[in-house]
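Here are my notes on this model, point by point. Please read them with the structure open.

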Amino acid sequence: MANSASGMAVGDECKLKFLDLKSKRSFRFITFKIDERTQQVVVDKLGLPGDTYDDFTASMPASECRYAVFDFDFVTDENCQKSKIFFISWSPDTSRVRSKMLYASSKDRFKRELDGIQVELQATDPSEMSMDIIKARAL
């Protein structure tokens, strides 16, 4: 089913891999990209369970937009182990204007397909998704 705003469909693999991340913790992160040829959101990269946040940020292209989900583990002030799933919309200033518009218009529908996202973050620069910001948003 295509998105009326942008015409983007969401590949089944996106939903299946997200379910694996959410329920089985098979991945630390998943990045998604829009395949303009097929007009579909597809899986770009899968992060292994042992990967770090630095591995995740290094996987984001410097001049291309992406959607991503990251499973963030942390310890609360009460010493409780917790996990939150972040949805990150990566739209660097150096990416093409058409690409930024496409990602912006498709984001809400794509995000609705991924049931279980707890925190949303928009980033145009690596500093906007630093570990300090992630920690602050998780608590």
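The points below cover strands, cores, one phenylalanine and salt bridges.

1. Basis. This is a predicted model, in which local features need pLDDT of at least 70, side-chain atom pairs count only at pLDDT 80 or more, and totals for chains, interfaces and linings use all residues. Residues are numbered from 1 along each chain as its sequence is written, and side-chain values use heavy atoms, with hydrogens and water left out.

2. Helices (H or I, at least four residues) and strands (E, at least two) are DSSP runs, numbered from the N terminus. Strand 2 is largely enclosed by the rest of the structure, because six of its seven residues are buried. Buried means under 20% relative accessible area, exposed over 50%, and partly exposed in between (1.4 Å probe, protein chains only). Two strands pair if DSSP finds at least two bridges between them. Strand 2 pairs with strand 3 in the antiparallel sense, over seven bridges. Here F29 stands opposite G47 of strand 3. Strand 2 also pairs with strand 4, again antiparallel, over four bridges. In that pairing F32 faces Y67 of strand 4.

3. The hairpin. Four residues lie between strand 2 and strand 3 in their hairpin. Look at Q39 there: its phi is positive, near 55 degrees.

4. Two cores. A nonpolar core is a set of buried Ala, Val, Leu, Ile, Met, Phe, Trp, Tyr and Cys residues joined through side-chain atoms within 4.5 Å. The largest one has 20 residues, of which F32, Y67, V69 and F110 touch the most other members. The elements giving two or more residues to this core are helix 1 (12-24), strand 2 (29-35), strand 3 (40-47), strand 4 (66-75), strand 5 (81-90) and helix 3 (97-113). Apart from it lies another core, of 17 residues, including F56, F86, W90 and I134.

5. F56. Which helix holds F56? F56 belongs to helix 2, residues 53-58. The residue is buried, at 0% relative accessible area. Contact means heavy atoms within 4.5 Å. Leaving aside neighbours within four places in sequence, F56 is in contact with F29, T31, A68, F70, I88 and M129. L46 is ten residues from F56 in sequence, and their C-alpha atoms are 9.3 Å apart.

6. Salt bridges around R66. A salt bridge is a side-chain nitrogen of Lys or Arg within 4 Å of a carboxyl oxygen of Asp or Glu. By this rule there are 14 salt bridges. One of them joins D44 to R66, with the closest N and O atoms 2.8 Å apart. D44 is in strand 3 and R66 in strand 4, so the pair ties together parts 22 residues apart in sequence. Is R66 buried or exposed? R66 counts as buried, at 7% relative accessibility. D44 is partly exposed, at 23%. E64 also forms a salt bridge with R66, at 3.1 Å, N to O. E64 is partly exposed, with a relative accessible area of 40%.

7. Further salt bridges. E120 and K111 meet through their side chains in a salt bridge of 2.3 Å, N to O. E120 is partly exposed, at 25% relative accessibility. K111 is partly exposed too, at 23%.
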